Amino acid sequence: MSVMLDSALHTAQSYSGTQSGEVGGVQSFDLHPVEEDFRETVLTCLQHQPKAVPAKCLYDKRGAELFVQITQQSEYYPTRTELKILAEHGAEIATHLADGVLVEYGSGSSKKIGTLLDAITNTQRSLPTYVGLDISQQHLVESCEALASQYPGLATVAICADYTQPLSLPEIETLRGKNKTAFFPGSTIGNLQPDEAVAFLNNVAQLVGPGGGLLIGVDLKKDKAVLEAAYDDAAGVSADFALNLLHRINGELGADFDLEQFCYRAFYNEAVGRIEMYIESLIEQTVTVGDAIISFQAGERLLTEHSYKYSPDEFGALADRAGFGMANCWIDDQELFLVAYLVACDK
Ligand SMILES: C[S@@+](CC[C@H](N)C(=O)[O-])C[C@H]1O[C@@H](n2cnc3c(N)ncnc32)[C@H](O)[C@@H]1O
């Protein structure tokens, strides 16, 4: 469903007419991916059966902050496991990332990049130019500014854009003519359905060009109880994160969702290999969104996110479909998480 919506509602993103600004050592570009389609996406999704919204709608400023809190919950193993892999193998990973331009997709709070920049510095290599790319504009710019002040001398560019759409880098001096490598941590690839993931990886391959690299974090298949706990923590932060979508729709689209009449559900669908996250209506009810009236049955669900889990072989095959070869991969001792370094093949 989100593939259909994305292709129907988006056109290729371009920098023409875009103002760039430089604040706090960060050159920023805003391609305005959110304002353009949030209303249309939400209304189309809520009027569709079954109801489902793309995960990108979850990341307004409050959503981005709640996601950071999720990563701090004890049940949420992906962040600490990925960071441990990056730190343990930093010297080896650094050989792929020095110099050139390093583009982080879905950069969020830009915390993981610090581990890599430290590894590059510790191995006496030159820092790359850093490009943070995210749909959540304010969080992106604040995070890039914090990074630039932590690493003086790091040329830093922030691009607010939708990474599910084809994208090139702006024609600016700091980026021109340099080798490009991409970084896509957080197992965010799992939010995309396999065909969407291949389309995304194809776009990344176009951006980095033949021989260019992609360092990517992938969550592995594992015990259902471990997975379900990670996506439905006891403190209820995952629930707040999902329900914040209704809060956002109320604020931005003049809707009247009563958050007390909805709850959060997360299940591992073992047959498909994915966590499915939903907002569930507790009663039969109607909600007004702008001029539209949306009906919910009692127990009806609105899908907010998938998180696909892969075996190392399954992920290798997915990367292969997108024209990437797996040059290296690192897995933690408990086999929870995989970090792969992929290289774009010549077409
Ligand atoms: C799962 S979080 C990961 C954040 C961070 N990279 C990490 O590893 O902790 C996903 C990030 O991708 C961003 N994001 C989600 N959909 C996006 C889209 N379509 N285009 C650009 N950024 C997107 C969100 O704002 C968020 O920062």
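This is a predicted model: local features need pLDDT of at least 70, side-chain atom pairs count only at pLDDT 80 or more; totals for chains, interfaces and linings use all residues.
β4, residues 101–105, and β5, residues 129–134, run parallel and are joined by five bridges. Now look at the helix on this sheet: α5, residues 90–97, packs there and touches β4, β7, β8, β14 and β15. The direction of α5 makes about 155° with that of β14. Helix α11, residues 312–321, lies across β8, β14 and β15, and runs at about 155° to β14.

So what is the order of the strands in the open sheet? Nine strands form it, in the order β1-β2-β6-β5-β4-β7-β8-β15-β14, with mixed pairing. β1 and β14 stand at the edges with a single partner strand each, so one side of each has no neighbour in the sheet. From one strand to the next, the twist averages 20°.

Now for the rings. The whole structure holds 16 aromatic pairs. One of them is Phe 67 with Phe 241, a tilted pair with 6.1 Å between centres and 55° between planes. This pair links distant parts of the chain, since Phe 67 is in helix α3 and Phe 241 in helix α10, 174 residues apart. Are these two buried or exposed? Phe 241 counts as buried, at 4% relative accessibility, while Phe 67 is partly exposed at 26%. Both belong to a cluster of ring pairs that also includes Tyr 59, Tyr 76 and Tyr 231.

Last, a charge and a ring: Arg 248 lies over the face of Phe 38, 3.7 Å from the ring centre.

Technical notes. Residues are numbered from 1 along each chain as its sequence is written. Side-chain values use heavy atoms; hydrogens and water are left out. Two strands pair if DSSP finds at least two bridges between them. Helices (H or I, at least four residues) and strands (E, at least two) are DSSP runs, numbered from the N terminus. Axes are lines fitted to C-alpha atoms, for helices over the stretch in contact, and angles run from 0 to 180 degrees between N-to-C directions. Contact means heavy atoms within 4.5 Å. Rings of Phe, Tyr and Trp (its six-membered ring) pair if their centres lie within 6.5 Å; planes under 30 degrees apart count as stacked, over 60 as edge-to-face and the rest as tilted. Buried means under 20% relative accessible area, exposed over 50%, partly exposed in between (1.4 Å probe, protein chains only). A charge sits over a ring if NZ of Lys or CZ of Arg is within 6 Å of the ring centre and within 35 degrees of the ring normal.
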